[in-house]
Amino acid sequence: MDKNQTSEKNKPFRLVKYFTFSSLTVIFAGTIALSFFNIHWARTMGLDKSEEYALVLVENLNHQVFLQFIIPVALKYGKIQLRNKEQYVRMDKVVRSTLHSFKVDMVNIYDMNHTISYSFDKSKVGKTDLGGTGYQYAIAGRSTSKLIQNGNFWQILLGLPSKSKIVTFAPLRAEKPLSALSGPVLGVVEIMQDLSEDHQTIFRFQIRVIITSTIVMLVLFLILIFVVKQGEAIIHRRNLERIRLKEKLNQARRLSALGKMAAGISHEIRNPLGIIKSCAELLKKKMAVFDPKSSIPNIIVEESNRLNRIITDFLEYARPKPPNLSGCRIEKILEKNIDYLKSQTESKGYTVLSEFNDNLPKVMVDTDMMYQAFLNLLINAMQSMPSGGTIRIHIFHRAGNIHVHIQDQGEGIPAEQLERIWDPFFTTKDTGTGLGLGLVKNIIESHKGTIDIKNLSGKGIQVAIVLPAIL
Ligand SMILES: Nc1ncnc2c1ncn2[C@@H]1O[C@H](COP(=O)(O)OP(=O)(O)OP(=O)(O)O)[C@@H](O)[C@H]1O
Ligand SMILES: [Mg+2]
């Protein structure tokens, strides 16, 4: 039930958690998509620029070929024939000197009959019907460019083809004097630029963007997980605290009902018990005459006393009195306890080691209640060492509190019983009521103190009491 309650309370927080995690995932996916989009955009822009660049190159080449080749050759030879070696060498010189500082990998010049009459690659000269639609458009006066990518499916998808180049076809025109290119088409120029390197740079940039955003997201995830864990721990602690307080309240309610009932019943029991006890004492006197060895009257008296003590303890536990506080020294109360137990400790082989630090501040306590609490603890310690041993009592002052540690060398408490020792009527002793520690806890807590019991690493247990000191 506790667990259900805790998870119920965590629900709104869980919503926030899922919302934040899914937002982060969406942001991450968005960043990756955006980076792909950016890369695509960068590549398209690069392509447009390459296209423009190629057209400017072609325009320039057209101009230089016309001025430095067509006009002089026409004047000198009367006819342009690139099969003529001299003319070819001149053309090659003009083309190479025009393009030498630009990034161009291949140039082909076609004549009007679809035949390559000049090329960087001499083996292509004389070939016909190459160039496809690019050539057709150029002959009709239109420049076109197309991107050619080589690579497998994944290379193309990821944007890293093994080879990518842009091929531009443009008409080679005769120039009118003093004007731009507008004369009749004389042939077609094909220019090829290798873009593999540019694409690889863009791809490397893309990888860097993805790695950076992955790292940033990972760090954000880790921070978020940390914050969520902290938040959950706080909520869990609060819920446990709430449940604990609720249980305490329920217990207090139960106890107050029990107390009222117990007060009535114990009154009813105590009266006949008193009568039984006095009758037993009378019986003892009379029996002394007839049967002086009989122990029966004594047993009746002793058991009546025990029953009376149980009723008193129970009443004190069920209806705790508010403490009557006065400033006093805690070590003085413990000295009184030790004094009271002296005859027993000496005869049964117990050593009491008192280590009381000097200049201990006073505490506000009800001396009678504290005396009773310490007595219970010391008796428990003695009972845990039936054949004697050492009881160490250490009192010291730390951070505005008085600490009282009582250690014994007994058998200790099995781990599974540690939670239950505070429960009323929990006892492992034949003659115990199991109310001792419950009473002690009530007393310490009514003084705004705390009490803890733990097993010592060697032998026995340590009871640690903390009480606020008067400063
Ligand atoms: N010093 C100790 N060493 C080992 N076990 C202890 C010690 N003090 C308490 N306990 C365990 O805790 C149980 C509860 O202690 P508590 O004082 O409440 O009752 P009790 O001693 O059994 O009976 P009562 O105090 O009423 O005579 C004990 O029965 C015992 O099992
Ligand atoms: Mg006890």
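**Around the ligand**

Tutor: By class, seven nonpolar, 12 polar and two charged residues make up the shell around ligand 1. Nonpolar here means Ala, Val, Leu, Ile, Met, Phe, Trp, Tyr, Cys and Pro; charged means Asp, Glu, Lys and Arg; the others, Gly among them, are polar. This is a predicted model: local features need pLDDT of at least 70, side-chain atom pairs count only at pLDDT 80 or more, and totals for chains, interfaces and linings use all residues. Residues are numbered from 1 along each chain as its sequence is written, while chains are lettered from A and ligands numbered from 1 in the order in which they are written.

Student: How many residues surround ligand 1, and which are the closest?
Tutor: There are 21 around ligand 1, and the closest are Ser-384, Thr-427, Gly-432, Gly-436 and Leu-437. A residue is near a molecule if its C-beta atom, placed from the backbone, lies within 6 Å of it.

Student: Which elements give two or more residues to that shell?
Tutor: Helix H8 (367-383) and helix H9 (436-446). Helices (H or I, at least four residues) and strands (E, at least two) are DSSP runs, numbered from the N terminus.

Student: Stay with H8. Which of its residues are buried?
Tutor: Met-369, Met-370, Ala-373, Phe-374, Leu-377, Leu-378, Asn-380, Ala-381 and Met-382. Buried means 20 or more other C-beta atoms within 10 Å of the residue's own, exposed means 12 or fewer, and partly exposed is in between; C-beta atoms are placed from the backbone.

Student: Why does Met-382 count as buried?
Tutor: Because Met-382 has 20 C-beta neighbours inside 10 Å.

Student: Which residues of H6 are buried, and what covers them?
Tutor: Ser-304, Phe-314, Tyr-317 and Ala-318 are buried. Their cover includes helix H5 (196-290) and H9.

Student: New topic: the whole chain. How many helices and strands?
Tutor: Nine helices and 12 strands. The chain is more spread out than a compact globule, because its radius of gyration is 52 Å, well over the 23 Å that the globule rule gives for 471 residues. That radius is taken over C-alpha atoms, and the rule is 2.2 Å times the number of residues to the power 0.38.

Student: What box do the C-alpha atoms fill?
Tutor: Roughly 170 × 45 × 40 Å, along the principal axes. Of the 471 residues, 19% count as buried.

Student: Which domains are assigned?
Tutor: Domain 1 (2-194) and domain 2 (323-468). Their centres, taken over C-alpha atoms, are separated by 93 Å. The bounds come from an automatic or database domain assignment.

Student: Last one: where is His-114, and is it buried or partly exposed?
Tutor: His-114 is in the loop between strand E1 (106-110) and strand E2 (116-119). It has 16 C-beta neighbours inside 10 Å, so His-114 counts as partly exposed. Its phi is positive, about 70°, although His-114 is not a glycine.

Terms used: Contact = placed C-beta atoms within 7 Å.
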